[in-house]
Amino acid sequence: MRRRNFLAAAGASLLAGCSRIGDTQWFGKLVEGADNWHRGLHRALGFGRITMAPEFTRADLSPDFRGNGSLTVDSDAYRAAEAAGFADWRLEVTGLVDAPLSLSMDDIRALPQRTQITRHDCVEGWSAIGEWTGPQLSHLLHAAGVQPEANYVVFRCADLYNGRPYYESCDMDDALHPQTIVAHQLNGEPLPVKNGAPLRMRIERQLGYKHAKYLTGIELVASLDHIAGGKGGYWEDAAGYQWYAGI
Ligand SMILES: Nc1nc2c(c(=O)[nH]1)N[C@H]1C(S)=C(S)[C@@H](COP(=O)(O)O)O[C@H]1N2
Ligand SMILES: [Mo]
């Protein structure tokens with residue numbers, strides 16, 4: 001995909017010297033994001049290399065992966081879906097794509113799967129280690145064909161938190177990262193309701209609130225300005241949490 005190439009190209013340009021750096025779209029994006037110093041620094045220190053979140057072993061698994069935030073979805077539609085074993089749940093991939101997708105759970109399970117044991121860090125001061133399984137988001141995005149204007153991926157959720165739809169978003173680097181998966185299993189079992197059944201995001205280089213549960217939609221957008229409060233996520237809008245929650 002285009003952005004993978006320009007990540008590689010960005011690394012090459014940095015080595016080639018400053019005169020060329022300014023020509024790359026990647027550098028433009030870094031500068032545009034200069035207000036977001038954390039993101040810029042995180043990326044600059046990586047020199048465009050893909051950095052992986054630490055992975056653990058089954059011996060490290062937390063005995064119970066606690067639930068936080070919404071612990072279910074308070075709607076008749078969700079209760080009916082749960083009673084039906086989420087057989088009819090669908091994930092829509094829309095926005096700036098060549099071919100919008102509407103994926104069934106079977107479609108999602110039929111894609112190549114990734115399993116990863118990672119630590120979840122919540123800003124409220126707790127962590128848990130879990131084993132997550134699902135297709136890489138990059139596979140879904142390749143299948144849909146991301147248009148060049150897309151800068152962000154928005155994750156839509158089924159639940160309301162304090163009466164407002166929970167949502168989150170990430171940039172294309174995190175979207176295409178190998179450890180960014182649409183998880184349908186925790187510790188080898190279908191996701192428990194409290195952990196976001198039947199689908200939730202894992203964006204392993206980011207803090208807990210970025211990992212959208214009860215996932216219904218993935219939307220490719222050029223800008224986050226006109227979505228909900230414009231800050232790119234529920235907690236970003238509600239409480240001023242950092243949009244770039246890189247760890
Ligand atoms: N849809 C949705 N996703 C969500 C939340 C939520 O309330 N609703 N809470 C977030 C927060 S703050 C954390 S720490 C994690 C908690 O995931 P867990 O319930 O599996 O522990 O989910 C995140 N994703
Ligand atoms: Mo959290």
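**View 1. The E5–E6 hairpin in this predicted model has an asparagine with positive phi.** With 2 residues between its strands, this hairpin puts asparagine 162 at a phi near 45°. Strands here are DSSP runs of E with at least two residues, helices are runs of H or I with at least four, and both are numbered from the N terminus. E5 (residues 152-161) and E6 run antiparallel and share 7 bridges; two strands count as paired if DSSP finds at least two bridges between them. One of the pairings sets valine 154 against serine 169 in E6. E6 (residues 164-171) has 6 of its 8 residues buried, so the rest of the structure largely encloses it. Buried means under 20% relative accessible area, exposed over 50%, and partly exposed in between (1.4 Å probe, protein chains only).

**View 2. Strand E4 pairs with both E3 and E8.** E3 (residues 114-122) meets E4 through 9 antiparallel bridges, with cysteine 122 opposite tryptophan 126. Their hairpin has 3 residues between the strands, and there glycine 125 takes a positive phi near 105°. E8 (residues 185-186) is also antiparallel to E4, over 2 bridges, and its glutamine 185 partners threonine 133. As 8 of the 9 residues of E4 (residues 126-134) are buried, the strand is largely enclosed by the rest of the structure.

**View 3. Valine 153 sits in the largest nonpolar core.** A nonpolar core is a set of buried Ala, Val, Leu, Ile, Met, Phe, Trp, Tyr and Cys residues joined through side-chain atoms within 4.5 Å. This one has 50 residues, and those touching the most other members are Leu137, Leu141, Val153, Phe155, Ile218 and Leu220. Helix H7 (residues 137-144) gives the largest share, 4 residues. Leaving out residues up to four places away in sequence, the contacts of valine 153 (heavy atoms within 4.5 Å) include Leu137, Glu168, Met172 and Ile218. Another core, of 7 residues, lies apart, with Trp243 and Tyr244 among them.

**Notes.** Residues are numbered from 1 along each chain as its sequence is written, and chains are lettered from A and ligands numbered from 1 in the order written. Because the model is predicted, local features need pLDDT of at least 70 and side-chain atom pairs count only at pLDDT 80 or more, while totals for chains, interfaces and linings use all residues; side-chain values use heavy atoms, without hydrogens or water.
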